[in-house]
Each structure stands twice: as C-alpha cells, then as structure tokens.
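Subject: Structure handover

Hello,

The structure is below, with the sequence. My notes on what was found in it follow.

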Protein chains: 2
Amino acid sequence: MHPNLLQPYLRREAWCDVVPKPKTLPVDALAPLFQLDRAVSLSLQEQIRRTFISAIGSGVLPASAKLPSSRKLAEALHVSRNTTMIAYQTLIAEGHLVSMERSGVFVPEAHLDLAELPTQIVDLATVESPSVMGQRLVAPPLRPRSTIIAPPDWQTYRYPFLEGRYDQSLFPTTEWREASRMALAVTEVEAWSADPGEGDDDLLIEEIRTKLLPRRGIEARRNEVLITSGEQQALHLATRLLVTEGARAGIEEPGLPETRALLKGRNAELVYLPVDDDGLVVHDLLANCDVITVSPSRQRPTAVTLPLERRKALLELAETHDFLIIEDDFECEMNYLDSPIPSLRSLDGGNRVVYIASLSKVLAPGIGLGVLVGPPELISAARRLRSITTGRPSPNNQRAAAHFLALGHYDAMLRRLKNVFEERLIALRDALNHYRPLSIAISPVRGGTTYWVSGEPSLETEKLFRAAQARGVLIEPVDRYFAASPAPPNTFRLGVTSLPTSRIREGIAQLSRAMQELADSNGRRSVSRTEPAASAVSGQQITEALSGATLFYRTVYGETSTIILHPDGRMTGQSGEAGEDRDTGRWWVDGDMWFRQWKEWAYGEAVGYRVALVEDQIWWLDAKGNKVDAALFVEPN
Amino acid sequence: MHPNLLQPYLRREAWCDVVPKPKTLPVDALAPLFQLDRAVSLSLQEQIRRTFISAIGSGVLPASAKLPSSRKLAEALHVSRNTTMIAYQTLIAEGHLVSMERSGVFVPEAHLDLAELPTQIVDLATVESPSVMGQRLVAPPLRPRSTIIAPPDWQTYRYPFLEGRYDQSLFPTTEWREASRMALAVTEVEAWSADPGEGDDDLLIEEIRTKLLPRRGIEARRNEVLITSGEQQALHLATRLLVTEGARAGIEEPGLPETRALLKGRNAELVYLPVDDDGLVVHDLLANCDVITVSPSRQRPTAVTLPLERRKALLELAETHDFLIIEDDFECEMNYLDSPIPSLRSLDGGNRVVYIASLSKVLAPGIGLGVLVGPPELISAARRLRSITTGRPSPNNQRAAAHFLALGHYDAMLRRLKNVFEERLIALRDALNHYRPLSIAISPVRGGTTYWVSGEPSLETEKLFRAAQARGVLIEPVDRYFAASPAPPNTFRLGVTSLPTSRIREGIAQLSRAMQELADSNGRRSVSRTEPAASAVSGQQITEALSGATLFYRTVYGETSTIILHPDGRMTGQSGEAGEDRDTGRWWVDGDMWFRQWKEWAYGEAVGYRVALVEDQIWWLDAKGNKVDAALFVEPN
C-alpha cells in the first residue's frame, strides 16, 4: 500500500511532532459491519468483539487506524456505552487493539505489512477446498499450460527480455499529461462525464479515421470504426460476432493462447494453421475454415511478417472458399527494414476482413485502447455487445488520446519508439551474434520488438529460465503459444520493450553464461557437444594458414559475412544483403592465441581464441577447448 | 467534429488574417492510401483520381484540408509529376478538389458538415443489403424491443427525466481533476503505465475493501475483490462463470434487458421471477433455479427495495434449494427514508452470493468503474476471463479513483448526491401530486432517483413519449424491461439524475398538458373518462357543503392527507405516515368556483376549480367539466 494514503490514519508517533494527528475511522463507516442480533444467545458485547476480531483479521480495518470512542460507537450501534467499553477493554487485553494514553484506541501496527496479506492473484490450482461457489464455476478459461511465467515483480530484474512490458523511459509522460489535462478542462469534462452511453469519442474516431487508418491503406467511415479497451476486446467482440457455434475457426500455430481461449469459448472447432518464416502458410487447411484469425504485420509470437504476395493469395482463397478473416495488425508500423506492407483490410477482397489494431503500443501498455474496423452492421452489433459486456472504453481516456493524436504526439512518439526499438533490436541481435556459446538461430524479422530464439536441440528452456532468472535475466518460454503440438523445448522469446539498450549486451552475456553453466552441469563439454573434438594448432600454424585468407561466416540472424585477413594484420569485413554493413579492424597472433579487434563490430573489443583447422573450416575454441564458432575459410592463392 | 482540432487544416480565409496558415496534410500519411498497380489497365493517373474521390467521399480526407504539392505527391508515389498534376487538374475540374491561387489545392469545404456523414450508430434493422460480413453475423445480442428510446442529444432537451444520465452540475469536476492530477504525477505514471498485466490497483482495492464494502456489511480480503469497468462488466463476468449451458437462471420481471441478454448468451433457460412493491417475490419459482440475479437495494427498473425479512428468506431458500445469487447492489446508499439494508452478501448464507456494485453512480456515468466481490476462486477465474475479453479497467482511472476515495471526495460526493437526489425526488413527487390530470400512481420507493409511473389504463406510453418530446420532455418507456409478458402500455419511468430541481415542476406541468392533449385528441372527455358525468354545483352549494368539512385524500404516492376546511376560511392539512407533514392555508368561493391556497403545499399557489358532489365524494372539475381529482368528505357535525 502507498504509505501516503494511510497517513491520515496513522497514529501519532512520540518521536515525531510533524506527523499529522490521526483521523478517526468514521463511525458511520464502521457501524454497518456490526449486525447485532438481540435474539441470539451471544451477548451484544461478545458480538461486537467478534466482529472487530474478524474485521481486523481480514484487514478491513486498516492497521494503525484510530477507532471511534466507545461513546460514539455505542450511539451508532444503539447499545449501552458499557457494552462498547467492555468490548474495547477485552479486545485491548487480548492484544487485538491497542490503547494509547490520551489519544484513543487503535488497530495494531503489525497488520501494516501487506506481504502478510493473501496475494492478490490466486492460482486456481492451489485452491484446496473450493467454496460452494468455487465448486460450481464454469470451466475457467485460459488455464496456462506453462508452469513458468514472468514474475509480477519483473521490474525489479535487471535484464527483463519481455516483449509487451515497457521500461519506464518509454511512457510519454509529459505528452500524456498534457493531453489528459486538456481532457480535464471543464467543458471537456462536461462532454464525456454525463452519459453512460454507447457512443465513442467523436474526436478520437476522427483522428483514427483520418490519420492512423489511412497509413494502413484503410478508408473507414465513422460508422465503420469502434473504439475498444485494447486489441483483446476487439478480438473478443469480433470472434463473438463472427464465429458461430461449432464453426471451423483457423488459428495460427504457434499463436496466442488468448485467441484460442476466445474461440474455444465459442465452441468452435479449432483448425491449427502452420506458420513459417514468412508467417501464415497459405495452405489447403484454410479452405475448410469459416473464419480465421491472423497477425500478418508481425506474427504473434514469432514476429515474422506476411509478404504482400501471400496476403493477396490469402484474400483470393478467402473469396474462393468463402471464409472471413480477423486481422490483428500487431506492430503494423514497426518495420525497420522497409515500409509497412498494406493491411489485408485495405487490399482487394478486404470486405471479408475485420481489422484490429492497438493504440497501446504507442500510448503505453497501461492505457488500453484499440480499434475495430469493419462494415457498419458488424460495428453496430459490436457496439451492442460491448455495451452489455463492459460498456465503452473510458471516455476520459478516449478524449485524452484524441488530444494526444491531434497534438501530433502520437506521430512523434511512434517515430521515437521506432528508433528506440530498432536500436534495441539491433543491440540484441549483435549481442546474440557476439556471445556465440548460445549456438542459436533467430527468426528472420523485418522489425518489431522481439526475437523467436531456437537453441541447440538439447537446450531445455525451463531449466534455462531458472538459471537465467538467478542471474537477473528474464526470458519468455513459448509453450503457451502451442496447442496442437508440443512446443519445441529449445525455443524461447527475447523482447526489448522492457529494458534499455545499455543493458542488453550484459543481459545476453549473463544469459550466455547461464547456458554454458547448464551445459557444464550436464557433464557435457559445451552446448555444441555434438561436434567432434579438435586440437588447437600453434601460433605459427595460425599465422601461416590465415595470412591473406578469406573467411565466410554466417551470423546468428542468418546473414553471410565475408572477412579478409590481410597479411599486414589489417582485417576488413562486410555483411548484410548487399554488403552494406562494413567494418575494418586488426588481427594478430600472440603465443598460440589468435586475436582480433574490429573498430565497430563486436563492440570494438579485442578477443583472443585458440584455433583448430578442420577440413575447410576454422574453429574458434575457448580456453577449455570448446568450439565457440566456426567459419569456412579460403586460403590465399 | 470539434472545430479546434480541424483548425490546423483549415484554409486561410481572405477576410481574416488571424486565421493561421493551413497545415498541409503530411504526404507520408496520404501515400499509403494509394495502392497503385501498373499491371491493370487503368492508368496511374486514373487510379490516383479514384483514390482521391473515394477518400474525400468517405471523409478520410478532412474537409478544407490542404493537400501536398503535386511534386511531393509524385515523389512519394514514385510516379511522374505529370501524372499527379493531371490527376489534380481533373479533380479540380470535376469539383472534387478546389484550387486556391498561390496557396494550393484543398479538399472542399462542403464536407465539413458532420450531419451529412453517416450517423455513428447504425440501427441493424435499417441495413438494407448487408455486406458479406453482415450476412454472417451471429445473432446480434440485445436487439431493443422498444422502437422509442432516449435520443442521443438528450442534453439539448429542457426536461429530460432520464435515470442514469447526469446533468452536468453533478460531476465532481474539481475533485476528479485533483485526483487525476495526482495519478499523473511522474512516480504514479510509472506505477501504472508499464504493464498490461492482470492486477488491479492496490490502492483502489484497499480503499474499496476498507471503506466502501464495510458500509454494506461486507468484509472482503484482497483476493476477494475485482475491479471492473462498471457493474455491467461485473455482471458479464459473474454470469459467464456461474451460469452453465442450459442452467435455469432466474431474472426479475420486469428486469434489465442487458442481464437477460447476458443470460441468453449463456444459453440459459430463463425463469422470470415476479416483482411486487417490496421487490423480488420470494416464491416457489426460485426453488427450480440454479442461479438468480437480483437487485435488492433498488429493484431495476421499479426502484423498490427488498426488505430485510425477504432477504433472509431468500438466502434460506438458496441454502435449501442450493442456488447461487448474483446481487446487483444498485444505488445501495441512496435511501432517504431509512438506513440502507445490509447486503445479501453480508448476511448469513452470503457465501452463496456474488456481490456487484458500481462506483459510477458517484464518480459519474462517464467513469466506468465497478466492483465484483466473491470467493477467491471466482475472483481468480473472473480476472482470467477479464484478461481475455477486455483487459483490466484503465489503470490510470483506477489510480485516480483510489485518490478520489482516499481524499474523502467519494464520501463528500455521496452525501451531496444524496441530498440533491432526495430534493429532486421530492420535487418530482410533489409535482406529480400537484398536476392531477395525470391520474397516476407511482412505486413506493425508499429513495433512489426514479419513479415507476402508471397512468390511466387507457394511456399509451408510446404516444405520450412523442407528445411529451414535442414539449421538451423526455420520459422513459418501459417495454424493454419486460420479456415474459407484454409491458403495461400505461407505464413509464421518470428519473431525476438528468435535470435540476428547478426544472422539475415545469417539466411535469408540460407532461401533464401532453397527457391532457392526448386525451382530448382521442375525443374523450378527460383521461378519467371512465367516471360517470357529474354536474358542477353552485357557489352557494359549495359553501354550504364544505364549511367545516373534513376531506380525506390520497396522494399520488400513496399517502393519506387529511384536510379540514374551517368555516372561517382557514384550512389545515396533515399528511405522511404519522401526520408529520403539515400545512395551513385559506379557502374561499368566488362565483361558482372553489379556490384554495396553501402556504407551502402545491407551491403555495391559489387554484380554483368547479366542484361536483357525488355521493360521499367531492370531485374537482376543470373548466371543461372534466374530473381532476376527488376526495372523500365528511360534513361538519
């Protein structure tokens, strides 16, 4: 609990005169707790005593709160003052209450420790003897398959690689406060406070319709747009309205468990649609679907992007086989390599598409706002459904978001986030590439905020999660994204929304060490234990073999690097699709170790390895003789 | 649309130099609209032209917006400048765009009129040829049975008697702004912005748990409370989790259509439970239910209150027949006649009760916040369900509400609203009693903000609605509250949350005139046309009959008034259960008319009537001889 809020009820400390005098708990707030019954055998005094004990025990009476006088309590409860006085005295004698001379009766301090209260979120699995109501609960939706999840106190970890959670530097505090203040102007308050109605904020609709949607190629009229309290609500409304009982509903595999839960809630027959490095595979399975959900801009969870050709093919298939598409346009504007690809809704055949997007990616995860775009009948029905399930999203936040957009803050923030996330994703990629003991491969992404990482086949993500957690690193297990097949045990996700660039390298270094530890504790030589052993060569042999050689080398993110080791000790490298990423550096031999130092690459640091020559490959070995990485090499002519 | 937001795009008016120079629509916001395809037979120029016409027609390009130059557009679209120039020229020639010398090309002004845009909320019934998606919509929930509903522009009416909509004087603007500002402090923002998590605001939970719930007799631990985006969401979560497929679900009749829609959405078998002047009838029908919903504090929609004895009987029945109860504690603290009755959840057997309350009644309808209280398993499952259907209620509003409570504003506002609403409800009651042509009866309420009004059997609410609307009066039809039986055609609701006390009397006077008009246009003598005709007596006869007589008279709200007409022209009256409401006045005869004037009652105004004497009754007649009201009279001894 926030200490400031309790302040008024805190009792006066002798050592501190500036602490304000405690406010007494108002007697009319207290009185309804006491349901005194003169008919039962228990005395009134005893009934009062029991009520106090229960209310203190459950924390309903806040710790250190001052209680009303016995006289006032007696009046409020219509009992004699003796009754309340004796109740107080007994409670004080028993230690349930404390008496402070000349200041009154208080709830003891001991209960101030919130940690002793039951945790707020109860795992259903831990409930041993369910209540009468618990026994009758309809199968609770979305029971997580994963036993390991991000801890709620993730912000206390130094290296939380968790997509979708934001480190505090990202919230546009100043801009949001400005927009919120505008929404709190008296005339504005009048506009949004009076009505529990179904309508959305006209300004926000206009801003979205004329500024955000056109960027995705979408022209929408006012009656084709509904504001939601986030993309999840938009998905709920769309699935509820478009998925009939027993319909065949296609869902990406891997895909979001929340989407699965919504479709199962409709008693749909789920069709699991495969995903490859280009996103949803346009596949025969689709032909049997009545409706499908897809995240083309950034596949969730693998972060890959559906190319334009596949989008067109998907829409053609939808027309041919008469199915509908629910498009989750996640991270639509977070492409770094190229421009965003037009949304499905905006393409020919888009009349079969319901479009869903979130504003929270830019505003902040804490501000839940999203948008649903579809034909007027759908939007009208969705508005109705929204009104009976939740009501419209907070109109004050809608208005603040409208100002945020109108002031240009959204665009500015989007640009800023794009820069920040690109920088972080590159930092993550480079770190993954640098700490080669990982022996991993990552999904080929065009942007976004996350990598889908596959390690050696022997890697066990669950063990890695715990080993990394002990080093302050949080990774995301992926089993919850799989339903039709078991999740690959060697796969996890790394996201960059939740930690600054400056911590990424060290976080991956720690993760790398955790992986190495795991491998060591398994009694294996290294994570790449499947490789045959090889012997390090001497410094002399290194110099002879590598002077003037060209090395061909594959990065962790799938690109080829070419490195030339000039005889004079210079080193030049180029990488990227068109060799656009270049660097120079130096190499040398010291004893039997080979050293290299780039100007930019690999953090510009000097690193030394032992070297083995195996057929046409050069292997770099660490101090224990474990293979760290390898490259093809071509000797000088 | 708010003119200020459009301002940057408005073109410069020659007559006004202070209008800021219009901002040009950014070309990168415009470009994605154009999906140019070189493969099709349509020329690029024609494709550009068609895109513009569509975007202007749909309002995606705001009226009066300035367009980028043909050069910039050409660059962005990767076409020749000729292409964009010709497109612009054609569009200008056709009138789709306008050219202003030396300032550029603009979207015409004509589209600025929002009234020409499609209305935001489409009635499904009006859609003539549904889209491909419209044809596949799952039966949209909650199609209103009523053809007449409150117009969205109700705030422009002078006399809106609409419960649940607030006139602007009621919103605690200053206090809410203070609380919101506190929630916008940088450290606060950090607390709520980072995470899209499932948890609620700890401060708000504590405030509700320790201040609001105890007033309703409820002790709840932290894991027994969930914040919702209003009572409707709480109801959605509770029904979804406690009503199994095909369960028998009891619902009050009349009752809320939204609740019915939720239960039908669960494919429940609905059991309609009768309601009388004491609320839900504890009835054999209940024994067959698996779960029931009930609004004991203020029955929705009749506004009556369930007495304590019935509450206890209901809980006993629940125990005997093993059903669960969803308690909607609507307007729990709005009793004026006596203290609130303890909630079902707080009584013996309350472990079978899920408790629902709204904070919006005090905060404002626009701030949707509510609370769900139940056992930890239920709350845990509800949290899960909330996370897949909407996400948690806006954390910034949760935090602001927590501050609002902690600062004591909630209590202060509650007291204020109680005073205001009581004053208004009494004003409404007195006005209804005064304008007797209404010939109505109202529900016996202990408080709240609304009356359930029944007129003469011949009254047709639908006609009255339109006649009243023409006079600036909005009443609420009640057919939407009935499902098992047709609504009584002569019944409607009048609420007082939406207009100040000062307008209530005139509003009811107007309503009364509308009723009289309706009766007249039906060719009937009066709304009480079923009465036999009676002849007015002379002034002399009036004086003889009434001097010293005692009149017994029943108010519209069911109380008996006793009026003594003293021979000296004084008049004394007493009313109320214990005769606690007293007044004095004068009566006299002028010609053949009887006049009376109270000091306080009936607004202290002098009124004259013709009089008929029918057996032991005195009838007051208006100028046309129609009976206005009647009383029993006892002649002086």
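I start with a helix pair in chain A. Helix α15 (residues 409-434) of chain A packs against α17(A) at an angle of about 20°, and their axes are 9 Å apart. That makes α15(A) roughly parallel to α17(A), where angles under 35 degrees count as roughly parallel, over 145 as roughly antiparallel, 65 to 115 as roughly perpendicular and the rest as oblique. Axes here are lines fitted to C-alpha atoms, for helices over the stretch in contact, and angles run from 0 to 180 degrees between N-to-C directions. Helices (H or I, at least four residues) and strands (E, at least two) are DSSP runs, numbered from the N terminus.

α15(A) passes α17(A) in a right-handed crossing; a crossing is right-handed if the near helix is turned clockwise from the far one by less than a right angle, and left-handed if anticlockwise. On the α15(A) side the contact (heavy atoms within 4.5 Å) is made by A:Glu423, A:Arg424, A:Ala427, A:Leu428, A:Ala431, A:Leu432 and A:His434, and on the α17(A) side by A:Thr501, A:Ile504, A:Arg505 and A:Ile508. By class, the residues of this contact divide into six nonpolar, two polar and three charged. Ala, Val, Leu, Ile, Met, Phe, Trp, Tyr, Cys and Pro count as nonpolar, Asp, Glu, Lys and Arg as charged, and the others, Gly among them, as polar.

Before going further, the conventions. This is a predicted model, in which local features need pLDDT of at least 70 and side-chain atom pairs count only at pLDDT 80 or more, while totals for chains, interfaces and linings use all residues. Residues are numbered from 1 along each chain as its sequence is written, chains are lettered from A and ligands numbered from 1 in the order in which they are written, and side-chain values use heavy atoms, with hydrogens and water left out.

On confidence, the model scores ipTM 0.79 and pTM 0.80. Chain A averages a pLDDT (the predictor's confidence in each residue, from 0 to 100) of 83, and 89% of its residues score at least 70. Over residues 1-21 of chain A, pLDDT stays under 50, and the model has 38 contacts beyond four places in sequence for them. Residues 111-127 of chain A also have a pLDDT below 50; this stretch has 33 contacts in the model beyond near neighbours in sequence.

How are the two chains related?

A:Lys463, A:Leu464, A:Ala467 and A:Ala468 of α16(A) meet A:Leu511, A:Ala514, A:Met515 and A:Leu518 of α17(A). This contact has seven nonpolar, no polar and one charged residues.

In chain B, helix α16 (residues 461-470) and helix α17 (residues 501-521) pack at about 125°, with axes 9 Å apart. The crossing of α16(B) and α17(B) is right-handed.

Lastly, some backbone details. The peptide bond from A:Glu253 to A:Pro254 is cis, with omega near 0°, and A:Pro254 lies in the loop between β5 (248-253) and α10 (257-265) of chain A. In chain B, a cis peptide bond joins B:Glu253 and B:Pro254. A:His78, a residue other than glycine, has a positive phi near 60°; A:His78 is in the loop between α4 (70-77) and α5 (81-93) of chain A.

Regards
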